[in-house]
Amino acid sequence: MSIPKYLKRFLPIGDQMLVSGSHFIIGVLLARALGLGVYGVFAVAWMLVLFANSLQQAFILIPMMTFAPQQTKTERQTYLQHVFFLQFGIIAFASIATLLFCKLSCYFSPEWNLTNLTTVLPFTIILFLIHDFLRKQYYVNENIEAAFALDVFAYFPQLILLAFSYWTNTLNLYQSLWIINAGYLLAILLKMRISLEFFSMNDLREVYQQHWHFAKWLLGKTLLQWFSGNLFIVAAAALLGPVAVGAIRLAQNVMGVVNVFFIAIENYIPIQAAKLYAKDGKVALFQYLKKITLQGGLLASFLVAFICLFSAQIILHLYGLSDAESIFLLRGFALLSLVVFIGIPLRFAIRTLEQTQSIFIAYIFS
């Protein structure tokens, strides 16, 4: 049964609500079950997953969402097949680096017990990256129903198993990561299709060169962005310990409500912008992004105002805490998100025009 056309336009934000809402609930369950200290360890482990995903975004997904919409259906099918194999270089590098990091952590941060995650965390990275690639591929093909189904298969089992473990008081850090892995693996097995019909090494090399030309500045930007954005968490981990990291992540987890909106824009708007630019040129592109900025700014402002006014009640009711530091951090992150939103449409314009060096330079100054 197909979804009515008038409902399809709400699917991107509905899908992102499912994803971000699931991450939000998982964060609440883990914080309550593990306590701030162990939850801080989980936060550091998940930072490694997000770092790997940021590399994948820069080198694989952002170029893909710029190039694919401008191609014919046949060209796109061949292109996406080669991009799928290209991403395994990122996956191999990230998973091996994570395994080594966990093994060597006993020499520089033994109190974090990351060596206990040596087996499970590399698998988390592999499965998370494959799942995210499939999801973005469906968006590029404008098959949002399939993307939504992929996320249902991934996150519903995670939520059910984590909730059951929470209510039976059996949830621990190691088990929680394996439950998360199981959800991603189920979705991948049900939805992934591998074809070698149009595959050739020459085409793979050509796609690699195309992505490298586009993404070399984005990779630099990604490293700057990740380290600048997470430096205070790394510092908190090194100087103050897991409890401080847990407090920071509590506040960031609440901000997932606003990030639903931001990430839905990231999934949908660049594709439409690339198609509009290919069809009607720069003027139409800028008019479209101006409209998105005005409409999105109103919604983002409302969400931020609500979070700032009721931050104490939010922390208390979600986590059962009245932690002053988490309340202060939540208000700070909420206000910062407005600044972040202002730059999103401009970044889309620069990416669509393939002027990614400008993004890198901007992040150096930032």
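Begin by selecting Y107, which has a relative accessibility of 67% and therefore counts as exposed, the cut-off for that class being over 50%. The model on display is a predicted one. Y107 belongs to helix 3, which spans residues 73–108.

Next, move to E142. This residue sits in the loop that joins helix 4 (120–140) to helix 5 (144–167). Is E142 buried, partly exposed or exposed? Its relative accessible area is 43%, so E142 is classed as partly exposed. Along the chain, E142 and I271 are 129 residues apart, and their C-alpha atoms are separated by 9.1 Å.

The structure contains 1 cavity of 30 Å³ or more, and the largest cavity has a volume of about 30 Å³. To display its lining, select T66, P270, A274, F348, R351 and T352. Two elements each give two or more residues to this lining, namely helix 9 (256–280) and helix 12 (324–352). Which element provides the largest share of the lining? That element is helix 12, with 3 residues. Colouring the lining of the largest cavity by class will show 3 nonpolar, 2 polar and 1 charged residues.

Terms used
Residues are numbered from 1 along each chain as its sequence is written. This is a predicted model: local features need pLDDT of at least 70, side-chain atom pairs count only at pLDDT 80 or more; totals for chains, interfaces and linings use all residues. Side-chain values use heavy atoms; hydrogens and water are left out. Helices (H or I, at least four residues) and strands (E, at least two) are DSSP runs, numbered from the N terminus. Buried means under 20% relative accessible area, exposed over 50%, partly exposed in between (1.4 Å probe, protein chains only). On a 1 Å grid over the protein atoms alone, a cavity is a set of points where a 1.4 Å probe fits but cannot get out, and a pocket is an open set with protein on both sides within 12 Å along at least five of seven lines; lining residues have an atom within 4 Å of a point. Grid points are joined across faces, edges and corners, and a volume is the space filled by probe spheres set on the points. Ala, Val, Leu, Ile, Met, Phe, Trp, Tyr, Cys and Pro count as nonpolar, Asp, Glu, Lys and Arg as charged, and the others, Gly among them, as polar.
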